[in-house]
Amino acid sequence: MTIWEDPIKFLNDWLAGILNAVVDFLNLPAGTTNFILNLIGVIIVATFGLLLVIFLTWLERKVAARFQDRFGPNRAGPYGIFQSFADMIKLITKEDITPTGADKISYNIAPLLSVASVILIWAVVPFTATWVGADINVGVLYIAAVGSFGILSVLMAGWSSNNKYALLGAFRAVAQLISYEVPLFLALLIPVLLARSMGINTIVEAQGTWFVVLAPLPFLIFLTSSIAEIGRTPFDLLEAESEIVAGFHIEYTGMKYGMFMAGEFLHAFTISVLTGILFFGGWQGPMVDTYPLLGVVYLMTKAFIVYFIVMWVRSTLPRVRIDHLMAFNWKFLVPLSLVMLIVTALLDKAFEAHSLHTWILLGANVVVALITVQILRVTGRRKEKELETFPKRPVAVPPKEEAPA
Amino acid sequence: MLDNWLFIGIFVLIAAAFPAAPIIINYLIAPRKPNPIKQDTYECGIETVGDTWVQFKVQYYIYALVFLIFDVETVFLYPWAVAFDRLALFAVVEGVIFILILAAGLIYAWRQGVLEWT
């Protein structure tokens, strides 16, 4: 085996050899080598995640600026690439203010939890076929479990700040996030069903044809509810600037605020990576069998394309109203994902070994999409008619003249 | 297998330590000049009236209940999806009936007007 065939394993074995010699020499317990190797792996993955944030903040500002016909950061360094470092230095030297009456413990833990809940997802991301942090057989369940901690951090931050805006933000956040978790989990179930495994790497290996072809509607449901999960425009009710100033992190200053921002950016990228893994074949691509390291390039390319779409949605759509938000989730996304689950399960079982398996599933998705559009049109028209029976605009009624006493 | 859980175990510690580091550095090097006005709760320039920790709308609670039902049911469906290969068509149909019962709950909540945000 040469270094180019599988450099990660090569380096791993090489380090293990050295460490084993050292451990033998010092008479340490047998598991030490394993522990140190795991520790190095963890630090590499976690550092990669956090360094990515610095780049992502710059990218987000640059792309958002171009969407709005501006230049974005362009002073600090070439293309303003050092802007994020400047921001980081500024945040780190800012005074840390805790409002009086805040619940100190949860106030301080919330930012940590916000980042930790996101970065923990990276533990199961398969970068290449062999380079997987932890190839556990309940990967999808792990992602769902860890991702839910983000909601907890939002609630803790909002509740402990002793601020009414923050509390309103936390209420909205919890209502929104737990609601959108339902279609998210249901859409997450469909790649599991198609791959017959919850292991992330098994799901990637099962994607001879990408799951986005077999399940385009669940992909859209997944992406939409994920955007709602990260709380970005059009679903940014938890931090709506024009309504509740900044929502749950209004009282945070300095690096604690920075950590919320870092968590949000990293979360946005993480769901892009997850979309790439679950629906776009992860590390799969041409030539990946000979050079496994190409898998990282493919995965990151797919992730950045999805991330670009997320940014695009953010700069295009306005914020939705809260009753529309809840109705969109419970009356549209949840029923649709239930229907998709039933359709996919039945068809996948009925035509398991059929030669047209892919086409049948794709066709079923198209049919369901067309029926959904038709239902939406009919109900929309009915709503319009209902509205027509009432006066279209509220008419100002002049106040009654009071009878002279 | 156990190795992978060791990895995640270490990851939990590192994931808590990495965001903690900048916050601690911030705490050490940032200036500290507290005064009562600065530490006051932010609210459009005047002092907050009344208690912040108020009672909240019952609507949130109802949504949480509906969420709980759906979430638990979804978790039950995951093993069903994993064992899909070993299931006969009959077992798949049973799973579908399970989902339909779930959908009946959603329709009930819908008809009751629970999903209306007021």
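Into which domains is chain A divided? Please start from that division and describe how the parts meet.

Modeller: This is a predicted model, and chain A in it is divided into domain 1, residues 1–93, and domain 2, residues 99–384. The C-alpha centres of domain 1 of chain A and domain 2 of chain A lie 24 Å apart, and the contact takes 20 residues from domain 1 of chain A and 20 residues from domain 2 of chain A. On the side of domain 1 of chain A that touches domain 2 of chain A, the elements that give two or more residues are helix 1 (7–26), helix 2 and helix 3 (83–92) of chain A, and the largest share, twelve residues, comes from helix 2 of chain A. By class, that side of domain 1 of chain A has 13 nonpolar, four polar and three charged residues.

As for confidence, chain A averages a pLDDT of 82, and 94% of the residues score at least 70. Confidence in chain A is lowest in helix 11 (residues 241–244), at a mean of 70, and highest in helix 10 (residues 216–230), at 89. Chain A holds 15 helices and zero strands, and its C-alpha trace spans about 105 × 65 × 40 Å along its principal axes. Of the 405 residues in chain A, 46% are buried, and among the contacts in chain A with a separation of 6 or more, 74% are between residues 24 or more positions apart.

The largest nonpolar core has 133 residues, of which A:Ile119, A:Ala170, A:Leu188, A:Leu189 and A:Val192 touch the most other members. Helix 7 (residues 164–195) of chain A gives the most to this core, with 24 residues. Domain 1 and domain 2 of chain A both give residues to this core, so the core lies between them. Leaving aside residues up to four places away in sequence, A:Ile119 touches A:Ala46, A:Gly49 and A:Leu266, and also B:Ala15 and B:Phe18 of chain B.

That brings in the contact between the chains, which takes 68 residues from chain A and 56 residues from chain B. Helix 2 (32–67), helix 4 (104–119), helix 7, helix 12 and helix 14 (322–350) of chain A each supply at least two residues of the side of chain A that touches chain B. By class, this side of chain A has 44 nonpolar, twelve polar and twelve charged residues.

Helix 12 (residues 254–279) of chain A has 26 residues and reaches 38 Å from its first C-alpha to its last, close to the 38 Å expected at 1.5 Å a residue. Helix 12 of chain A is mostly covered, with 24 of its 26 residues buried, and just after helix 12 of chain A, A:Gly281 takes a positive phi of about 80°.

On the side of chain B, the 23 residues of helix 3 (residues 89–111) should span 33 Å at 1.5 Å a residue, and the end C-alpha atoms of this helix are 32 Å apart, which agrees. In helix 3 of chain B, B:Gly95, B:Leu102 and B:Leu106 are buried, and what covers the buried residues of this helix includes helix 14 of chain A together with helix 2 (58–82) of chain B. Just after helix 3 of chain B, B:Gly113 takes a positive phi of about 80°.

Methods: Residues numbered from 1 in each chain as written. Chains lettered and ligands numbered in written order. Predicted model: local features only at pLDDT ≥ 70, side-chain atom pairs only at ≥ 80, totals over all residues. pLDDT = per-residue confidence, 0-100. Helix = DSSP H or I, 4+ residues; strand = E, 2+ residues; numbered from the N terminus. Expected span 1.5 Å × (residues − 1). Buried ≥ 20, exposed ≤ 12 C-beta atoms within 10 Å, placed from the backbone. Core = buried A, V, L, I, M, F, W, Y, C linked by C-beta atoms within 7 Å. Domains from an automatic or database assignment. Contact = placed C-beta atoms within 7 Å. Nonpolar A, V, L, I, M, F, W, Y, C, P; charged D, E, K, R; others polar.
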